[in-house]
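Please read it beside the sequence and the structure shown here.

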Amino acid sequence: MTVFAFELKRGRLSLIIWTAVIVFMLCITVLIYPQMASQMATVTDMFADMGAFSTAFGMDKLNFGEFIGYFAVECGNVLGLGGALFAAIMGISAIAKEEKERTAEFLYTQPLSRTRVVAEKYAALIVQILILNAVVCGAVIACAAAIGETADIGTMLLLMLAYLLLQLEIASICFGISAFLRGGGIAIGLGLALLLYFMNIISNITEDAKALKYVTPFAYADGADITASGTLNMKYLAVGAALALAGVAAAFVKYRRKDL
Amino acid sequence: MERAAIRTEALTKYYGKNRGIIDVTLRVEEGDFFGFIGPNGAGKSTTIRTLLGLIFATSGKAEVFGKDIVRDKISILADTGYLPGEASFYNNMKVGDMISYASRLRGVDCRAEAETLCRRLELDTSRKIGELSLGNRKKLGIVIALQHRPKLYILDEPTSGLDPLMQQEFFSIMEERNREGATVFLSSHILGEVSRYCRHAAVIREGRLTVCDSVENLAHTGVKYVTLQGVDRTPSFENISDLAQEGNLTRFLYRGDANTLIKELSGYTFSDVAVRDPDLDEVFRHFYEGEEK
């Protein structure tokens, strides 16, 4: 587990910063809710009345007058997008950074199989994402309890579970791409995460683009849908799991015989 | 055939359409001190990187200690110390941490050995790798390649970036290891160090092996350096190459029977003649540059 431990140590600073920023932003939005709540009743009607803009962000289906409606949108913005970017950056650089920094020559001439190294790197990636989400989840629940909004904790946990799964999917796909890259691919990772994010927005706006819902993980992590239905969309989730699996499998297959 | 430290058979590597190495057949005996010489881009690193499983051969095969380089890669790597041509490590780590990470990856405790090597090579273990000079980075690479005392050393241009004193220290360490039974395989484009330290050598040029022999035999290839002073006309007979004229001096390489050379020369008039064995540098340069037309 030497590579695994090394990867965790190496990604430590990045993990701390991303976790701190997401926790900070999300906790602030939760803690200011009591001040916002009084104005929310009017805001809900206004938000629901902005046409395509409302549908794009699912605001036509959400009730801002309730804490959970407010939380679903804010959580989607902060943890959904922030977590996706974190997962993309960590995933895309997991394998490729060794080649970019020319340390691959050192690492892959140690008596370890490439499969072993790739497996330990993947494990470290998953653990980093789990840590980030565990800390965020703990902090958010604590803040919600502090303002006395504990009625919908079940839905809150379900929302955060959805964003965890989304991050795991994006990280796995980027991990697969990482195995094919020769240099760094941060731009590719960020681009992909944002593309998937906008795919969901587009599919919310127009019926013609509904098929995109199967492609993007933001579809099963759509706060409005989850709050409304109280469950995750299993069809979208199944496609997402398949994509994640394909990404990881591609990484292992490619790296077995890649010229470094 | 009995077991050799390294044995390749028609090893060929193409990068897409670009030539890496072609039909390299090589044998390095156990306990040998072997020099692998060639100009930049000749295929030295390609050969080495294939042996270590960093890249995969297009065709041909190779064995290290009788083990297949693809199938038994991990066991081969456990017996090998590799120094990359451009040794790069994790820049924000300290030298000492990097050395211990390498030993943990191998699952071998080599603290005592690492300490000795750092002292002999004058490598400061408290420095950050990102702040190291090229030479110090090379030293770190050497410590990492040597600390687990492997049976086989594969060193890609080990002395580039080292100052002359360090080069000497490095070679004396390698000679000690060699005396203790380890096999040393190093690539270089510095002819002098190969002729000084290696027992066998191979020359690679444009991806193909041009010669592979003992350094002693290479020095006596039957090639003579002939210098004529004030010769009446440009010598022209069989087995002459590298003809050059400078003032009234005419030099050429003669490869063939010495008696024939004397008979041929008797047909010319000249004021002085010198016939000598070329030194090893000149022999290597000859193979390096290839046959003249």
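In chain B, four strands form an open sheet in the order 12-13-11-14, with antiparallel pairing, where strands are DSSP runs of E of at least two residues and helices are runs of H or I of at least four, both numbered from the N terminus, and where two strands pair if DSSP finds at least two bridges between them. Strand 12 (240–246) and strand 14 (272–276) of chain B are the edge strands, each pairing on one side only, and the twist from one strand to the next averages 15°. Within this sheet, strand 11 (residues 223–229) and strand 13 (residues 249–255) of chain B are joined in the antiparallel sense over seven bridges, and B:Gln229 has B:Leu249 in strand 13 as its bridge partner.

This is a predicted model, in which local features need pLDDT of at least 70 and side-chain atom pairs count only at pLDDT 80 or more, while totals for chains, interfaces and linings use all residues. Residues are numbered from 1 along each chain as its sequence is written, and chains are lettered from A and ligands numbered from 1 in the order in which they are written.

Chain B also holds an open sheet of six strands with mixed pairing, in the order 6-7-8-3-9-10. Its edge strands are strand 6 (80–83) and strand 10 (208–214) of chain B. Strand 7 (residues 152–156) and strand 8 (residues 183–188) of chain B run parallel and are joined by five bridges, with B:Leu152 bridged to B:Thr183 of strand 8. Two helices of chain B lie across strands of this chain: helix 1 (residues 44–51) lies across strand 3 (33–37), strand 7, strand 8 and strand 9 (200–205), at about 145° to strand 7, whereas helix 5 (residues 134–146) lies across strand 6 and strand 7, at about 170° to strand 6. These angles run from 0 to 180 degrees between N-to-C directions, with axes fitted as lines to C-alpha atoms, for helices over the stretch in contact.

Chain A, by comparison, has 12 helices and zero strands. Its radius of gyration, taken over C-alpha atoms, is 20 Å, close to the 18 Å that the globule rule gives for 260 residues, so chain A is as compact as a globular protein of that length; the rule is 2.2 Å times the number of residues to the power 0.38.

| Chain | C-alpha box | Buried residues |
|---|---|---|
| Chain A | roughly 65 × 45 × 25 Å | 44% of 260 residues |
| Chain B | roughly 70 × 40 × 35 Å | 37% of 293 residues |

Between the chains, 16 residues of chain A are in contact with 17 residues of chain B, contact being C-beta atoms, placed from the backbone, within 7 Å. Helix 1 (2–10) and helix 6 (104–107) of chain A are the elements that give two or more residues to the side of chain A that touches chain B.

In the largest nonpolar core, which has 140 residues, A:Ile170, B:Val143 and B:Phe185 touch the most other members; such a core is a set of buried Ala, Val, Leu, Ile, Met, Phe, Trp, Tyr and Cys residues joined through C-beta atoms within 7 Å. Helix 5 (residues 67–100) of chain A gives the largest share of this core, 19 residues. Leaving aside neighbours within four places in sequence, the contacts of A:Ile170 include A:Ala84, A:Gly91 and A:Pro217.

Technical notes. A residue is buried if 20 or more other C-beta atoms lie within 10 Å of its own, exposed if 12 or fewer, and partly exposed in between; C-beta atoms are placed from the backbone.
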